[in-house]
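Please read these notes alongside the sequence and the coordinates.

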Amino acid sequence: MKAFYFLIFSFGYLVTFGQYLDPRSYGRYDSIQVEAFGNNYKFPWAGGFNTPQFSTIDLNGDNIDDLFVFDRDGFVVRTFLNGGTANTIDYTYNAEYESAYPLMKDYALGYDYNLDGKTDIFSSFNGDFMVYKNVSTGPNPEDHAFKLQKYKSPFDSTKYVDFLSHKYYLSANRYIYTNVFNTNADIPGLVDIDDDGDMDILAFGNNANSISLYRNISQETYGRPDSLDYRWEGGCWGHFAEDANSFRLYFGSCKSGGNPVSASSPITRSTGSRHTGSTILIHDFDDNGLKDLVLGDVSFNSLLLAFNNGSKADARMTAQDTAYPRYNKSVDVQMFPAAYYLDFNNDGKKDFIAAPNSTELFSNIDQVHYYENSNKNTAPVLDFKGNDFLLDDMIDLGSDAHPLLIDIDGDTLLDLIVGNRGVFSTIGIYESRIAYYKNVGTKTNPSFKLITRDFLALPNAVDTGLYPTSGDMDNDGDIDLIMGTEKGNFYYYENTAASPSDSCQFVIRTTSFSNLVFGKSLRPTLYDVNRDGMLDIVCGDQTAQLTYYENVGTSSSPDFLPTTAINNYAGFSSNDPWGKGNLSPVMVKLDTNGKVDPNGKEYLFVGTGTGYIYVVSDIDTTSRTFSTVLDSFYVYARNASITGGDLTGDAKLDFIFGHKTGGLSVLLKDGGNIIVQPPAKEEEDTTSIPETKKKAGTIQVYPNPTNSSFTINGINGKNNSAHIQLYGVNGKLELDAEVSNNAEISMTQLSNGIYFLQVKSEAGVETIKIVKQ
């Protein structure tokens, strides 16, 4: 069955489309067949994985656990429906559910915390927990929805914020609200640790080498386990400390209190804190009724299993496998593996997956390791089955796929070549290649077959970020290539085929511009901008703007110079949260039906790092820095690299776009089913008090963490002064003073650990967590 998904656009400009192409008519299409290595992919256009995180959820209401996968590197969710065939991995990709998920970062884990039968989502923002309640009303994609929950503000307890907070008791009758904390790099443990029905949280604290337990007291307090009411129960869950220099645990070395290590511990302060980054999976693996710990570390490729032989009330780790599962094939995932324990093959037994959680230097191909469990859930026997779970059924070329539709073999069908940033190798570098997929279908029904992943010779074997574009550069009637690279060069590949109808024979030519640097991470397209009969370059790169390079050569010998650049081409600008544009342009003339027409209106399509594709027209022919932005639409892909061509024989311009996660997806002109754009941020109070927006704190404390002192600023009110009180985690008042802006507060007399600074001024009361290390 063919699957169409049509996109609804969010309008930023009011344009009458009668004289323009209607951008709303492009739809997602996932049914073009792709074959590779003798395998017909089940979901070739799913977009690839880099750092996937796995959770189960019943998407379509059939009481079978489906799968949602959040990719940390790609900032995207992928949804897979489970057919439920017994003893079979039986997933099909369905993008229609993805639009319901909020835009998230760092991690996204599923857990039904309120026991209503719907999987809720827990995610991260700057170390805080974001809670998205599942408010779906039915089995259809349009019924699928989540609402961001709100909790008591640490800045002002009469207000509410959009991250999870809890009461922290300074003394028996005195408490403040503070956030439930998990460092950005980590994946926390969401688990009912004491088997009372409610969800507890295990997380490493800031600069800590041991785990904090946030115990949920909903059952004890309200008599029902359906809320998120937490108390911090110290930073020594399991009574161990992680070694700062190797991947092992020291049992019995973690002491209760604010400082997780002491002088009597095998790990002293002089050895430093743990490596910054850990992943947590909690489950009973030895059938003793107690929760064990599977731990990943940012500096290692293996997983550690620690065995709990304490009690439900007091976990104590006493033994460890530092290369789990040592009895089969130890996990070896580069780098910073995270573990997931779910039933993936419909046999009622939870299986095991390990995948990278790093934001850099991670394996980005064949990196999802799958272990099948042949025993019961509380005493698994794991057998390694492969390193390409789900990846063996989709196009995945590493990181940042850059596609180009081009007829390689002269049969008039558009083939597909794909560059990439590269595949991260075991020697610590990216290796980039051009893959070639031959179109073995027909004009109206394309089908692609992988011929090679190493199609073109490169002038420099260490070049990365290969981005191809095509056009007749030497006026001989056939199609040549220009290749942009990550380091900022343009390479010219001349097609030396005897006839335009012959298969392309690309030969790299040394030109005057080959060694010139034009920017970084170049994403070019070829178009005769100045109408002189020669193809110019319009180029995106890591900046937020497009650049136009005029062809200053001849009709048979192209030449380009960085000094002739016209910046801010078309007046278009877009950048992601890191300030990078990663813009990918395509220029073409179309009629109002979307058909390629040399007499039609000029359009500029721009893929962006944020995952939006913009449609631009009416570019000023004199200044080239003004245009009309018709619209934009989100394609659920970070670093969307686009290429255009007629895929279905109707003369209309279709698109294939590349993902940061290494895969590809297809957009057809005049598609079918609807995919809505991302939902607006919705918030819900967790009490009957009316909703309010998050109140950002005005007080600034720096440096934090500190090793000696901190400076306080941002005090408002009379004389810019405030009354401050500094408490230790044991509730002891360490400091009570009146201060003003720019006051420096010494902590040299205090032990390392966590402290809470309460600031009272005419502007209100704020509480700030301070870490001394």
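The numbered points below go from the whole chain to single residues.

1. Basis. This is a predicted model, in which local features need pLDDT of at least 70 and side-chain atom pairs count only at pLDDT 80 or more, while totals for chains, interfaces and linings use all residues. Residues are numbered from 1 along each chain as its sequence is written, and side-chain values use heavy atoms, with hydrogens and water left out.

2. Overall form. The protein has one helix and 58 strands; these are DSSP runs numbered from the N terminus, helices being H or I of at least four residues and strands E of at least two. Its radius of gyration is 28 Å, close to the 28 Å that the globule rule gives for 773 residues, so the protein is as compact as a globular protein of that length. The radius is taken over C-alpha atoms, and the rule is 2.2 Å times the number of residues to the power 0.38. Along the principal axes, the C-alpha atoms fill a box of roughly 85 × 70 × 50 Å.

3. Of the 773 residues, 57% count as buried. Buried means under 20% relative accessible area, exposed over 50%, and partly exposed in between, with a 1.4 Å probe and protein chains only. Among contacts (heavy atoms within 4.5 Å) between residues at least 6 apart in sequence, 53% join residues at least 24 apart.

4. Domains. The domain assignment gives domain 1 (49-393), domain 2 (399-674) and domain 3 (700-772). Such bounds come from an automatic or database domain assignment. Between the centres of domain 1 and domain 3, taken over C-alpha atoms, the distance is 33 Å.

5. Strand β7. Seven of the seven residues of β7 (residues 76-82) are buried, so the strand is largely enclosed by the rest of the structure. Both of its faces are covered: one carries Val-76, Arg-78, Phe-80 and Asn-82, the other Val-77, Thr-79 and Leu-81, and all are buried.

6. Neighbours of β7. Strands pair if DSSP finds at least two bridges between them. β7 pairs with β6 (residues 66-71) in the antiparallel sense over five bridges, and Leu-67 stands opposite Phe-80. The hairpin of β6 and β7 has four residues between the strands, and in it Phe-75 takes a positive phi near 60 degrees. β7 is also joined to β8 (residues 91-93) by three bridges, again antiparallel; there, Tyr-91 is the bridge partner of Asn-82.

7. The whole structure holds 24 salt bridges, each a side-chain nitrogen of Lys or Arg within 4 Å of a carboxyl oxygen of Asp or Glu. One of them joins Arg-72 and Asp-106 at 3.8 Å, N to O. This pair links distant parts of the chain, with Arg-72 in the loop between β6 and β7 and Asp-106 in strand β9 (residues 105-111), 34 residues apart. Arg-72 is buried at 6% relative accessibility, as is Asp-106 at 8%. Asp-73 forms a salt bridge with Lys-660, the closest N and O atoms being 2.8 Å apart. Asp-73 lies in the loop between β6 and β7 and Lys-660 in the loop between β48 (654-658) and β49 (664-669), 587 residues apart. Asp-73 has a relative accessible area of 8% and is buried; Lys-660, at 13%, also counts as buried.

8. Lys-291. Is this residue buried or exposed? At 14% relative accessibility, Lys-291 counts as buried. Lys-291 is found in the loop between β22 (278-283) and β23 (292-297). Its side chain reaches the backbone oxygen of Asp-192 at 3.3 Å. Not counting residues up to four places away in sequence, Lys-291 touches a set of residues including Val-191, Trp-237, Asn-308 and Met-317.

9. Ser-358. This residue sits in the loop between β27 (351-356) and β28 (369-373) and is buried, at 7% relative accessibility. A polar atom of the Ser-358 side chain lies 2.6 Å from the backbone oxygen of Glu-360. Leaving out residues up to four places away in sequence, Ser-358 touches Thr-51, Met-335 and Phe-336. Ser-358 and Ala-185 are 173 residues apart in sequence, and 7.7 Å apart in space, C-alpha to C-alpha.

Technical notes. Polar contact = N/O pair within 3.5 Å; in protein donor to acceptor, adjacent residues only side chain to side chain.
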